[in-house]
Amino acid sequence: MERNNLYPIFLKTANLHVLIIGGGNVAEEKLSFLTKSSPDATVTMVSPMFREATLQLAAGFKVELITDVYRPSYLKGKHMVIATTDVPEVNVQVYEDCRAMDKLVNVADNPPYCDFYMGGIVTKGHVKVAISTNGKSPTTAKRLRQFFEQVIPEDISQMVQNLNDYRKTIKGDFEEKVDQMNRITSPLAPSPGEGKKAGVEMEAK
């Protein structure tokens, strides 16, 4: 049976520099996705043209717009690269240049040319849930995101903050602190029957 072998990480995008190559609908979608999840991200976009909506979106965040065709020199200083042009040869060239320079790269809608995927994300304050379907079904990731947005309570962030404050007051060694936190948070984990029921309800939707 196939399994998802991707390793999920949460990046501090304020410390990274992201390059988006392209200025069309897909580029705008990637920028919207990135800034919604990480409004402190530093982004550069390179394209011969940009949509008006892209210009407006970029103006509200740390986004530099460069009106030009792709050149390998634009990869300098970038940590992550997203290629979204409508010219397959350009996207493949971006991928090959990134591999040669050890840059993480994502060629939109082309899994073989991706080091990472931009999956579904649910954010509620301090809590963030990332969803991946191994690049197989973005629609499924979208539906799972909608499901978790409904079932995760709105006050989850305050609860996390309260638990963090309480954790700082616990005495004892590391193991004792873990045991206490496990007892306190045990009601958050549903029983096997409840988890199965939730899965059935989501499938029905």
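Is Y95 buried or exposed? With a relative accessible area of 18%, Y95 is buried, where buried means under 20% relative accessible area, exposed means over 50%, and partly exposed lies in between (1.4 Å probe, protein chains only). The model is a predicted one, in which local features need pLDDT of at least 70 and side-chain atom pairs count only at pLDDT 80 or more, whereas totals for chains, interfaces and linings use all residues. Residues are numbered from 1 along each chain as its sequence is written, and side-chain values use heavy atoms, with hydrogens and water left out.

Searching the whole structure gives two aromatic pairs, a pair being rings of Phe, Tyr and Trp (its six-membered ring) whose centres lie within 6.5 Å, with planes under 30 degrees apart counted as stacked, over 60 as edge-to-face and the rest as tilted. In one of them, the ring centres of Y95 and Y113 are 4.9 Å apart and the planes stand at 90°, so this pair is edge-to-face. Y95 belongs to helix α3 (residues 88-100), while Y113 sits in the loop between β5 (104-107) and β6 (120-124), so the pair ties together parts that are 18 residues apart in sequence; helices (H or I, at least four residues) and strands (E, at least two) are DSSP runs, numbered from the N terminus. Y113, at 27% relative accessibility, counts as partly exposed.

The rings of F147 and F148 have their centres 5.3 Å apart and their planes at 65°, so this pair is edge-to-face. F147 is buried, with a relative accessible area of 11%, whereas F148, at 29%, counts as partly exposed.

Turning to the cysteines, the structure holds zero disulfides, a disulfide being a pair of cysteine sulfur atoms within 2.5 Å. The cysteine sulfur closest to that of C98 is in C114, and because it is 11 Å away, it is too far for a bond. C98 is buried at a relative accessible area of 0%, and C114 is buried at 15%.

On the surface, Y7, I9 and L11 form a nonpolar patch with about 370 Å² of accessible area together. Patches are made of residues with over 30% relative accessible area and no salt bridge, like charges being joined within 9 Å and nonpolar side chains (Val, Leu, Ile, Met, Phe, Trp, Tyr) within 5 Å; a salt bridge is a side-chain nitrogen of Lys or Arg within 4 Å of a carboxyl oxygen of Asp or Glu. I9 lies in the segment before β1 (17-21) and, at 52% relative accessibility, counts as exposed.

Terms used
Areas by Shrake-Rupley, 256 points an atom, 1.4 Å probe, with all protein chains shown as cover.
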